[in-house]
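Open the model in your viewer and keep the selection panel at hand. The tour moves from the whole chain to single side chains.

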Amino acid sequence: MTGPHIETLAIGDELLTGQVTDSNSSFVGAELFKEGFQLSRQNVVPDNSIVIESAIREISLRAKAAICFGGLGP
């Protein structure tokens, strides 16, 4: 499957400590696949504005679209 490079960016310390699983990226990947698209990368970063900004800048160099989420809590 080819198409535009699409990435997810999941934000949250809890994702990096193993307290919570990043089910959002899996869900988004499955929904995009149903529509004929495929994720090229899944990214996870901590709750740190500098790291988040850096990740968004890096993603913008690679991908045509990014889907970002975080702060949803339990």
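A contact here means heavy atoms within 4.5 Å. In the protein chain, residues 24 or more positions apart account for 78% of the contacts with a separation of 6 or more.

Two notes on the source. This is a predicted model, in which local features need pLDDT of at least 70, side-chain atom pairs count only at pLDDT 80 or more, and totals for chains, interfaces and linings use all residues. Residues are numbered from 1 along each chain as its sequence is written, and side-chain values use heavy atoms, with hydrogens and water left out.

**Whole chain**

Show the cartoon. You get three helices and three strands, in the order β-α-α-β-α-β along the sequence. Both kinds of element are DSSP runs numbered from the N terminus: helices are H or I with at least four residues, strands are E with at least two. The C-alpha atoms fill a box of roughly 35 × 25 × 15 Å along the principal axes. Of the 74 residues, 28% count as buried. Buried means under 20% relative accessible area, exposed over 50%, and partly exposed in between (1.4 Å probe, protein chains only).

**Strand 1**

Select Thr8, in strand 1 (residues 6-11). Its relative accessible area is 0%, so Thr8 is buried. Leaving out residues up to four places away in sequence, Thr8 touches Ser25, Val28, Leu39, Arg41, Gln42, Asn43, Ile67 and Phe69.

Go to Ile11, also in strand 1. Ile11 is buried at 16%. Draw a C-alpha line from Ile11 to Ala66: 55 residues apart in sequence, 13 Å apart in space.

**Salt bridges**

How many salt bridges are there? The count comes to three. The rule asks for a side-chain nitrogen of Lys or Arg within 4 Å of a carboxyl oxygen of Asp or Glu.

Select Arg62 and Glu7. Their side chains meet in a salt bridge, 2.8 Å from N to O. The pair links distant parts of the chain, with Arg62 in helix 3 (residues 49-62) and Glu7 in strand 1, 55 residues apart. Glu7 is buried at 2%, whereas Arg62 is partly exposed at 32%.

Next, Lys34 and Glu31. Their closest N and O atoms are 3.0 Å apart. Both lie in helix 2 (residues 23-34), three residues apart, about one turn of the helix. Lys34 is exposed at 61%; Glu31 is partly exposed at 32%.

Finish on Arg57 and Glu53, a salt bridge with closest N and O atoms 2.8 Å apart. They are four residues apart in helix 3, so about one helical turn separates them. Arg57 is exposed at 53%, and Glu53 is partly exposed at 42%.
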